[in-house]
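Student: Could we go through a structure together? I would like to learn how to describe one.
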Amino acid sequence: MEGAVSMPTPGARGSADMRLGRRARPAETDPQPPETTSHALRVAIIGGGPGGLYSAALLKRLDPAREVTVWERNAPDDTFGFGVVLSDETLGGIEHADPTVYEALQRDFIRWDDIDIVHRSTRHTSSGHGFAALGRRRLLEILHQRCRELGVDLLFRSEAPPPAQLAASYDLVIAADGVHSTTREAYAPMFRPHVATHHCRYIWLAAGFAFDAFRFEIAETEHGVMQLHGYPYAADASTVIVEMREEVWRAAGFGELGEDESVERCAKIFADALGGRPLRSNKSAWTTFRTVVNEHWSHGNVVLLGDAAHTAHFSIGSGTKLAVEDALALAACLEEQPSLERALAAYEAERKPVVASTQRAAHASLEWFENLGLYLDQPPRQFAFNLLTRSRRVTHDNLRLRDASFTAAVERDFGCPPGTPPMFTPFRLRGLTLRNRVVVSPMDMYSATDGVPGDFHLVHLGARALGGAGLVMTEMVCVSAEGRITPGCTGLYTGRQADSWKRIVDFVHAQAPGTAIGVQLGHSGRKGSTKLMWEGMDEPLEDGNWPLVAASPLPYKPESQSPRQLSRAQLTDIREQFTAAAWRAARAGFDLLELHCAHGYLLSGFLSPLTNRRTDAYGGSPEKRLRFPLEVFDAVRKVWPEERPLTVRISATDWAEGGNTAGDAVEIARAFAAHGADAIDVSTGQVVADEQPEFGRSYQTPFADRIRHATGVPVIAVGAISSWDDVNSLILAGRTDLCALARPHLYDPHWTLHAAAEQGYVGPGVVWPAPYRAGSRRPQTGRTDAPKPRLTLGS
């Protein structure tokens, strides 16, 4: 139910709604023989929700000869929700595929543009969002009527026969039987479902009046924080969802209350939002949201649709939307493909990426509300902006187009000078002021000889310094020859290496004044003595290997070299290697030093219970696993100049069972901050080879966000942040202080300069080098002075 009006998502063959904007050939003219055609003549649909009903109407409309039967266990007017929100994109699909249904919906839709966010008695309104909603019962009535007009056989109060029986009797079986799908469970080994539950309880209710906006209201009670999600779905009715974390729900005693008592209690808690009016339920019960993901969506002639195939948290309002879009895509693929097998494969190929994107956004939104307590002390307007952009689908630039005045007010509160995007506001770490919030992330180049950075490193780092970033970081610079990852890694364990680094630092300071350059110090641990990345990442050298050391004698991969467990004497030696490298880095003139405690390298290997199996003072409890990294940090801090910042990169989760979690990362960050870390650079994973990361746009940012708000220490967010709009959004929402980008800076060394040009920004946050100023405007790509057509004359 987020405030995003979706833009059309292009598919490989065009969207299903557009493809269904034409009448299909009558079945009798199809040249394909019956045994290969995908025009299934007998279709069984399990579940009479919007997705099942709309599938029935589409398939019957496209081929009136089809026999389509829908089984629904409940009565026609039974429904357990209240309102339904649909996007303009989904409505466009319905309009193209079935104008009759579209026109009926249009007559009943209630539309509005505003979102109200109420927090600590302060209400902020953001406009320009464009919602359309109607009652779920009315939606079902429209679809029932359309199905009957077309000749669909609707069987209410009827349990569908077992899926196997239907599959033997019908050409196609569509399982639209919801989140608790019995069809999915019957074929679980084939569909391979994964169902995850979450940390909040919620209840679906209704109010007998219409909110004048989509309303989010936060209640801070003696038991914990609770939230209301409300929106109108009729001129005299609104959906109201009350949600809170499980522990808050239990502490408040809701688990001991009956339905009526729960409803009455919710109405009292949110009396201000409701104007003292009551709430009503419809067999409502407290539940936890279940995220459903299936590896496969079809088996034989049985196919999953809607919540049976996937779910997305209600806070972005996608359940009915996704089900309707599934129905559109399935119908289109059945028309286009020559066989049922190919049609179902095409349907799955088309829908899974779209659904996966929506589920990533929904998961981000879900987690935001689960962790709502972290944000309560944000300034009210920034809190509102944070809520609006929580899923990363609504962004700073997008919101600025929708509601320029609201976004400008958030920027003013944040401290942006007029005309200055958030990314170009300065940030201070200890004695270093960065002129903007962009960091060139550390990227191993594997191009050194004997650890000495050469001309390649001068050009690589120098170009990115000239490109406008506030801070340019070196790759992981190794503290010893044995601490290298590959033979091509740089080091700071000899005077020659230090002299070469000074050459690079001096170039940056002289030719890119205002840009800071930082060094990242690390030791490879058990992940060392491997080939250059492009020759085989993490693969052992075929010859010339050096011995490896680690917290525990565990190889990274089965084929990797086994490291030796470090003795106490060796721990002292390595600590002194870090200290010596830090001293050389200070002499070379680096502005900032980062200690690499992430990605499974030596110090990271001490932090993770998956890689630290020691039984001495350096292993076991989290405090003991932290001991050696903290000793190294303290030793480095003693020799690193007081006025220069010292940061730490950590892996905020191991992405593996039994490994460090986001909660552990908070405690790790808190420990480093207590020892004087000026910021935490928050990455994830790469600790164990069998990790299962959840990739996606800005996928590591929530970990940085959590650390920042839980500890108060500044953070650097990294991980698939690719656009300046993302950077602005994350900074302004208060989820991070700095954004580190890697691959975008490989693609475009002048990424920050170009971000300024594209936003029309000219100011102290980024400065074009004098020789480059002539290129500060985007080159013209073609003629733009052609006259516009003025008249169209008929023949």
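Tutor: Let us begin with a term: two strands pair if DSSP finds at least two bridges between them. Please keep in mind that this is a predicted model.

Student: Which residue of strand 13 is the bridge partner of tyrosine 231?
Tutor: The partner of tyrosine 231 is threonine 239 in strand 13. Strand 12 and strand 13 (residues 237–245) pair in the antiparallel sense, with eight bridges. A hairpin of two residues links strand 12 to strand 13.

Student: And how many bridges join strand 11 to strand 12?
Tutor: Seven bridges join them, and the two strands run antiparallel. One of the pairs is isoleucine 218 with glutamine 227 of strand 12.

Student: Is strand 12 mostly covered or mostly uncovered?
Tutor: Strand 12 (residues 224–234) is mostly covered, since ten of its eleven residues are buried.

Student: Changing topic, why is helix 14 described as largely enclosed?
Tutor: Seven of the nine residues of helix 14 (residues 380–388) are buried, so the rest of the structure largely encloses it. Among the buried residues are Phe383, Phe385 and Leu388.

Student: What about the whole chain: how many helices and strands has it?
Tutor: The chain has 27 helices and 29 strands. Of its 795 residues, 58% count as buried.

Methods
Residues numbered from 1 in each chain as written. Predicted model: local features only at pLDDT ≥ 70, side-chain atom pairs only at ≥ 80, totals over all residues. Heavy atoms only, no water. Helix = DSSP H or I, 4+ residues; strand = E, 2+ residues; numbered from the N terminus. Buried < 20%, exposed > 50% of the residue type's maximum accessible area, 1.4 Å probe, protein only.
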